[in-house]
Amino acid sequence: MKLFKITPLIMALALALALCLAACSTPSGDANESAGSNPEIAELIAQEPSSSNEAAELYAKLMQKENDILSSDNALWEKVFNAANKDSAMIKDGSNYGDFLLKTIDGAKDEFTADELKTLKAGAQQIKEIEDKLESLEKEFPGCGSTPSAGESVDASTAGMTAGANASSEATKFPSFKGKDLDGNDVNSDELFSSSKVTVMNFWFTTCKPCVGELGDLEQLNKELAEKGGQVVGVNSFTLDGNKDDIADAKDVLNKKGVTYKNIWFKSDSEAGKFTSNLFSFPTTYVIDQNGNIVGDPIVGAISSAEQRAALDKLIDQAIANSER
């Protein structure tokens with residue numbers, strides 16, 4: 001599972017960053033040898049599963065390797081993602097994530113030293129080859145990439161999370177805000193939270209593969225929560241400040257995934273916007289009670305695995321209990 005560190009304040013932008021992609025670029029010689037330079041990845045890519053279960057297990061391991069690549073050099077990848085945010089086009093179905101990264105790195109090469117470029121290109125090439133294998137697995141064993149696996153989740157420290165905005169289980173208010181939903185309707189935090197016993201607030205961005213991959217699960221969760229007086233609310237970090245193109249791109253993805261729950265935006269320089277800028281991995285999901293208090297620690301990574309969903313359900317129950325006191 002891919003998790004990414006980005007700084008949404010720098011994204012008054014269109015679409016780019018991790019689930020992503022644009023056109024291909026030709027990798028340099030340093031990058032071409034990347035698969036062989038990591039024996040574990042090369043061994044996984046060489047495997048030929050004989051059943052759907054084996055394919056699902058291999059798929060999860062390969063996704064974890066992608067996350068490992070991105071989380072190992074957070075600061076460098078953040079610069080790549082920020083560069084992509086400025087002018088990269090939205091990924092099209094069938095595009096390879098590694099191609100997007102290679103193209104973005106090449107476009108921002110002046111921002112990196114020679115050693116940094118070598119590291120980034122090698123990582124992007126590895127991701128490209130992993131993505132090719134993932135596509136092959138999906139063709140041979142349709143749906144193998146949808147099978148939940150505990151290996152798809154990454155703890156906060158591994159993903160580069162820090163204290164501050166992401167901290168503690170103590171009662172901490174989510175920053176108040178006034179914003180809009182993606183249809184232009186006014187939204188304010190007091191009414192948003194007070195109207196529901198629990199609000200599951202999911203932070204995502206349009207080109208983040210794990211973010212988009214879990215939208216269906218979040219839509220189902222929203223239907224379940226509605227019966228308990230709760231809701232799911234999405235915050236697409238690309239749409240902060242209300243850029244029309246970014247909103248249109250986000251709505252396009254949401255429509256294709258059949259999402260009906262509210263997605264909102266607020267100003268990037270607001271307290272809520274600053275809170276968002278302190279998120280180091282996406283997707284990240286917070287649970288908020290009726291009083292606007294953050295309950296427990298955030299769920300870092302998609303909620304698709306049984307482990308992640310169990311952790312989320314526990315927080316939801318706690319939030320509802322808080323609201324009913």
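Trainee: How many aromatic pairs are there by this rule?

Mentor: The model is predicted, so local features need pLDDT of at least 70 and side-chain atom pairs count only at pLDDT 80 or more, while totals for chains, interfaces and linings use all residues. Residues are numbered from 1 along each chain as its sequence is written, and side-chain values use heavy atoms, with hydrogens and water left out. Rings of Phe, Tyr and Trp (its six-membered ring) pair if their centres lie within 6.5 Å; planes under 30 degrees apart are stacked, over 60 edge-to-face and the rest tilted. On that rule the number of aromatic pairs is 11.

Trainee: What is the geometry of the pair Phe174 and Phe193, and how many residues apart in sequence are the parts that it ties together?

Mentor: The ring centres of Phe174 and Phe193 are 5.8 Å apart with 75 degrees between the planes, which makes the pair edge-to-face. Helices (H or I, at least four residues) and strands (E, at least two) are DSSP runs, numbered from the N terminus. Phe174 lies in the loop between strand S1 (172–173) and strand S2 (178–181) and Phe193 in helix H8 (residues 189–194), so the parts tied together are apart in sequence by 19 residues.

Trainee: Are Phe174 and Phe193 buried or exposed?

Mentor: Buried means under 20% relative accessible area, exposed over 50%, and partly exposed in between (1.4 Å probe, protein chains only). By that scale, Phe174 and Phe193 are both buried.

Trainee: Which class does the pair of Phe177 and Phe266 fall in?

Mentor: Their ring centres are 4.9 Å apart. The planes stand at 45 degrees, so the pair is tilted.

Trainee: Which residues have the most contacts inside the largest nonpolar core?

Mentor: A nonpolar core is a set of buried Ala, Val, Leu, Ile, Met, Phe, Trp, Tyr and Cys residues joined through side-chain atoms within 4.5 Å. The largest has 49 residues, and those with the most contacts inside it are Phe174 and Met201.

Trainee: How are helix H3 (residues 39–46) and helix H7 (residues 114–140) oriented to each other?

Mentor: Axes are lines fitted to C-alpha atoms, for helices over the stretch in contact, with angles from 0 to 180 degrees between N-to-C directions. The axes of H3 and H7 come within 10 Å and cross at roughly 20 degrees. Angles under 35 degrees count as roughly parallel, over 145 as roughly antiparallel, 65 to 115 as roughly perpendicular and the rest as oblique. H3 and H7 are therefore roughly parallel.

Trainee: Where is Asp241 found?

Mentor: Phi of Asp241 is near 80 degrees, a positive value in a residue other than glycine. At 30% relative accessibility, Asp241 counts as partly exposed. Asp241 sits in the loop between strand S5 (230–236) and helix H11 (244–256).
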